[in-house]
Amino acid sequence: MHDAQAAGRLYTAHATAFNGREGRVTTDDAALDLVLVRPKEMGGPGGQGTNPEQLFACGYSACFGATLQALSRARKLPLAQNEVVAHIGLVRRDEGRFVLSADLEVTLAGLSQEDAESLVQAAHETCPYSISIKATVDVGISLKVVEA
């Protein structure tokens with residue numbers, strides 16, 4: 001097994017998928033044990049279960065939100081609350097290959113519009129998910145600022 005960047009690694013998550021999109025996925029610590037179901041839009045039965053795109057959306061939205069919090073603390077900005085909704089799509093290209101699409105809806109409370117825009121831009125430049133996909137996935141970001 002290739003151990004990419006082992007020297008600087010802070011944490012490693014371990015998950016195992018059984019039978020691809022129509023099986024289940026588990027973590028080594030048993031914190032997650034989820035049924036995988038192919039969505040109706042992809043020719044599957046839909047129903048109770050999750051899929052890889054939903055799991056990626058969960059991780060990306062949580063990581064982006066945590067990055068917003070860390071940056072707001074570092075900048076001493078009064079971020080009262082953040083909400084990040086991630087929309088992760090599976091897109092079929094003309095040549096038949098599949099790629100991901102990503103759109104983030106960010107809602108921030110307690111900041112000026114200018115501070116919020118600066119914070120979101122900085123988060124997109126430093127969030128590990130954003131950095132990891134920037135060469136292959138175009139990410140659209142919308143921002144809404146609300147009162148705290």
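**Reading a predicted fold**

Biologist: How many disulfides does the count come to in this model?

Modeller: The count comes to 0 disulfides. In general, a disulfide is a covalent bond between the sulfur atoms of two cysteines. The model is a predicted one, and the cut-off applied to it is a pair of cysteine sulfur atoms within 2.5 Å. The sulfur of Cys63 has its closest cysteine sulfur in Cys127, at 3.7 Å, which is too far for a bond. Cys127 is likewise in no disulfide.

Biologist: Are Cys63 and Cys127 buried or exposed?

Modeller: Cys63 is buried at a relative accessible area of 18%. That value falls under the 20% limit for buried. Cys127 is buried as well, with a relative accessible area of 0%.

Biologist: Cys63 belongs to helix α1. How many residues does α1 have, and what covers its buried residues?

Modeller: There are 23 residues in α1, and the distance from its first C-alpha to its last is 33 Å, close to the 33 Å expected at 1.5 Å a residue. Its buried residues include Tyr60, Phe64, Leu68 and Leu71. The cover over the buried residues of α1 includes β4, β5, α2, α3 and β6.

Biologist: Which residues of the largest nonpolar core touch the most other members?

Modeller: The general idea first: in soluble globular proteins, nonpolar side chains tend to be buried together. Here the largest nonpolar core has 24 residues, and those touching the most other members are Tyr60, Phe64, Leu68, Val106, Leu108 and Leu119. At least two residues of this core come from each of α1, β4, β5 and α2. Helix α1 gives the most, with 6 residues.

Biologist: Take Phe64 as a case. Which residues is Phe64 in contact with, leaving aside neighbours within four places in sequence?

Modeller: The contacts of Phe64 include Val84, Leu104, Val106, Val120, Ala123 and Ile141. Cys127, His124 and Ser130 are also among them.

Biologist: Now the strands. In what sense do β4 and β5 pair, and how do β5 and β6 run?

Modeller: Strands β4 and β5 pair in the antiparallel sense, over 12 bridges. Within that pairing, Val85 stands opposite Glu105 of β5. Strands β5 and β6 run parallel and are joined by 8 bridges. Asp103 has Gly140 in β6 as its bridge partner.

Biologist: Over how many bridges do β1 and β2 pair?

Modeller: Strand β1, residues 15-18, and strand β2, residues 24-27, pair over 4 bridges in the antiparallel sense. Phe18 has Arg24 in β2 as its bridge partner.

Biologist: Which residues take a positive phi in the two hairpins?

Modeller: As background, most residues other than glycine have a negative phi. In the hairpin of β4 and β5, with 5 residues between the strands, Gly96 has a positive phi near 95°. The hairpin of β1 and β2 also has 5 residues between the strands, and there Asn19 takes a positive phi near 65°. Asn19 counts as exposed, at 69% relative accessibility.

Biologist: Where is Lys76 found, and what is its phi near?

Modeller: Lys76 is in the loop between α1 and β4. Its phi is near 55°, again a positive value in a residue other than glycine. Lys76 counts as exposed, at 74% relative accessibility.

Biologist: How many residues apart in sequence are Ala31 and Leu104, and how far apart in space?

Modeller: They are 73 residues apart in sequence and 26 Å apart in space, C-alpha to C-alpha. Ala31 sits in the loop between β2 and β3. Its relative accessible area is 60%, and Ala31 is exposed.

How values were computed:
Residues are numbered from 1 along each chain as its sequence is written. This is a predicted model: local features need pLDDT of at least 70, side-chain atom pairs count only at pLDDT 80 or more; totals for chains, interfaces and linings use all residues. Side-chain values use heavy atoms; hydrogens and water are left out. Two strands pair if DSSP finds at least two bridges between them. Buried means under 20% relative accessible area, exposed over 50%, partly exposed in between (1.4 Å probe, protein chains only). A nonpolar core is a set of buried Ala, Val, Leu, Ile, Met, Phe, Trp, Tyr and Cys residues joined through side-chain atoms within 4.5 Å. Contact means heavy atoms within 4.5 Å. The expected span of a helix is 1.5 Å times one less than its number of residues.
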